[in-house]
Amino acid sequence: MQPILEVENLDIKVPDRTLFRNLNFVIPRNELTCITGENGVGKSTLIKHLIQDLNRNSTIHAQFAIPHDKVQYVPQLRNIDDEYPLNIHDFVALGFKHRILPWNSKAMKQRLREILDETKLTRIQARPLGKASGGEKQRAYLAQALCADPQLLILDEATANLDQSAKHFLLQLLKSIMQSHDLTVIFITHDPELINAYADNELHLENQTATMTKMKKGEN
């Protein structure tokens with residue numbers, strides 16, 4: 001099966017240094033690939049560079065096997081405070097690309113119900129997002145991304161501020177959704193416990209290069 005992303009001979013420079021030199025790796029379809037590395041190595045910068053290339057239709061160093069509108073990026077930080085006005089239901093609905101504002105179509109309403117159910121948000125959908133717990137917020141971000149019907153989902157440190165129970169709940173949910181949606185996931189994380197438990201592959205960034213490791217059976 002063709003990989004969802006192939007990177008060849010990629011260099012990335014920032015004003016004060018070279019982050020990566022001659023990067024080569026592939027991201028397999030329908031698998032969870034964790035991107036790891038020390039703080040400051042350039043994990044988020046790499047992803048943002050690849051997304052920019054995708055949006056510019058550049059295929060010089062990075063070739064995506066899917067169109068740009070089938071990629072969803074969920075950033076690490078959101079400007080969501082305690083007074084954020086939207087409830088979870090309405091926030092998730094913002095993920096639909098072709099909305100009939102201020103109402104969703106009948107099909108969208110049905111799909112929204114399904115996504116809220118898949119992400120275990122139905123019971124709390126009327127709760128203001130600003131009042132939700134960290135784990136509930138992350139599930140809402142995931143649900144909003146799923147409304148765009150992605151084939152590749154990129155999560156940037158989605159579990160960084162969650163307790164262990166919430167981290168495992170989110171990853172278990174994600175693995176289940178991957179199977180039902182034929183979804184490929186790139187997950188940036190520092191957490192070795194999550195990598196060993198859930199990753200199919202680890203892409204480790206160090207010394208300006210990348211090393212891909214296939215996780216052994218029984219570790220995920």
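Which residue in strand 2 is the bridge partner of Leu5? The partner is Ile27. This is a predicted model, in which local features need pLDDT of at least 70, side-chain atom pairs count only at pLDDT 80 or more, and totals for chains, interfaces and linings use all residues. Residues are numbered from 1 along each chain as its sequence is written, and side-chain values use heavy atoms, without hydrogens and water.

**The sheet**

Strands (E, at least two residues) and helices (H or I, at least four) are DSSP runs numbered from the N terminus. Two strands pair if DSSP finds at least two bridges between them. An open sheet of 3 strands has the order 2-1-4, and its pairing is antiparallel. Strand 2 and strand 4 are the edge strands, each pairing on one side only. Strand 1 is joined to strand 2 by 7 bridges.

| Element | Residues |
|---|---|
| Strand 1 | residues 5-14 |
| Strand 2 | residues 17-27 |
| Strand 4 | residues 62-64 |

Helix 1 (residues 43-55) lies across strand 1, strand 2 and strand 4.

**The cores**

A nonpolar core is a set of buried Ala, Val, Leu, Ile, Met, Phe, Trp, Tyr and Cys residues joined through side-chain atoms within 4.5 Å; buried means under 20% relative accessible area (1.4 Å probe, protein chains only). The largest nonpolar core has 42 residues, and Leu32, Val92, Leu153, Val185 and Phe187 have the most contacts inside it. Elements that each supply at least two residues of this core include strand 3 (32-36), helix 5 (164-181) and strand 7 (184-188). Apart from this core lies another, of 28 residues, among them Leu19, Leu23, Val71 and Leu203.

Terms used:
Contact means heavy atoms within 4.5 Å. Axes are lines fitted to C-alpha atoms, for helices over the stretch in contact, and angles run from 0 to 180 degrees between N-to-C directions. Buried means under 20% relative accessible area, exposed over 50%, partly exposed in between (1.4 Å probe, protein chains only).
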